[in-house]
Amino acid sequence: MSSREKEQTIALSAIFQAAELVSILAKTGQVDNASLQPLLESLLMVNAASTEDIYGGQWDCSTNLALGRKISRQALGKERSSVNPDTLRYALSLIHLENKLAKTPDMLSTIGQKIAQIEQKKAHYESVLHENMLASISGMYQDTLSKLSFRIQVHGDSRFLQQPQVANQVRAILMAGIRAAMLWRQLGGKRWHLIFKRKALLNALESRN
């Protein structure tokens with residue numbers, strides 16, 4: 001097992017955590033802030049010293065991505081059938097959408113500018129979970145990724161999805177999922193690795209316990 005595979009599992013855990021949170025939020029209108037906050041904060045970590053630092057550092061990374069690591073192990077292992085089908089679909093869709101984004105340099109530049117603006121805004125609010133921060137991240141998603149030819153279709157309870165705050169949370173989580181998918185690609189992760197490198201990735205996931 002290489003250190004690169006260990007790093008890849010961090011990105012993969014973040015992708016699956018975002019996918020699971022979107023799935024839960026769309027159906028219940030509720031989201032676990034302890035799982036959400038590190039994902040949103042990762043958007044503002046543009047010059048992290050290490051992959052672990054993007055999600056809280058060496059000591060907090062495993063805790064912050066515990067949900068995603070659990071789902072990743074299930075999805076890659078023998079418990080795949082226990083993973084919500086929507087979660088799997090969102091995870092694969094995030095990887096696919098990020099691949100399209102990577103081929104759009106103008107959009108990447110726009111996202112970089114918007115992240116810098118959001119980072120400045122954070123100084124005025126106590127948390128990245130503040131509704132104004134969520135609205136800004138959601139707006140970034142709408143202004144960029146929503147304009148690509150491929151769109152992630154979120155299924156859930158329309159009573160919740162039609163609420164502006166929930167819709168903002170969903171888009172903000174998807175934006176954080178794209179951040180994780182970008183990291184996955186930068187670390188050499190490929191979609192086919194989820195099939196043909198499952199054992200190596202599972203070993204790396206287990207070693208992070």
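1. Helix α1 holds 26 residues and spans 37 Å from first C-alpha to last, close to the 38 Å expected at 1.5 Å a residue. The expected span is 1.5 Å times one less than the number of residues. Helices here are DSSP runs (H or I, at least four residues), numbered from the N terminus. The model is predicted: local features need pLDDT of at least 70, side-chain atom pairs count only at pLDDT 80 or more, and totals for chains, interfaces and linings use all residues. Residues are numbered from 1 along each chain as its sequence is written, and side-chain values use heavy atoms, with hydrogens and water left out.

2. Of the 26 residues of α1, 19 are buried, so the helix is largely enclosed by the rest of the structure. Buried means under 20% relative accessible area, exposed over 50%, partly exposed in between (1.4 Å probe, protein chains only). Just after α1, G29 has a positive phi of about 75°.

3. E5 sits in α1, which runs over residues 3–28. E5 has 11% relative accessibility, so it counts as buried. Leaving aside neighbours within four places in sequence, E5 contacts K197, A200, L201 and A204. Contact means heavy atoms within 4.5 Å.

4. Helix α8 (residues 131–143) packs on helix α10 (residues 164–186) at about 65°, with the axes 8 Å apart. Axes are lines fitted to C-alpha atoms, for helices over the stretch in contact; angles run from 0 to 180 degrees between N-to-C directions. The two helices are therefore roughly perpendicular. Angles under 35 degrees count as roughly parallel, over 145 as roughly antiparallel, 65 to 115 as roughly perpendicular and the rest as oblique.

5. On the α8 side, the residues meeting α10 include L134, I137 and Y141. Their partners in α10 include A167, R171 and M175. By class, this contact of α8 with α10 has nine nonpolar, four polar and one charged residues. Ala, Val, Leu, Ile, Met, Phe, Trp, Tyr, Cys and Pro count as nonpolar, Asp, Glu, Lys and Arg as charged, and the others, Gly among them, as polar.

6. Helix α6 (residues 85–102) also packs with α10, at about 75° and with axes 9 Å apart. α6 and α10 are therefore roughly perpendicular. The contact of α6 with α10 divides into ten nonpolar, two polar and two charged residues.

7. I178 lies in α10. At 1% relative accessibility, I178 counts as buried. I178 touches L94, L97, E98, L101 and L145, not counting residues up to four places away in sequence. I178 and F150 are 28 residues apart along the chain, and their C-alpha atoms are 13 Å apart.
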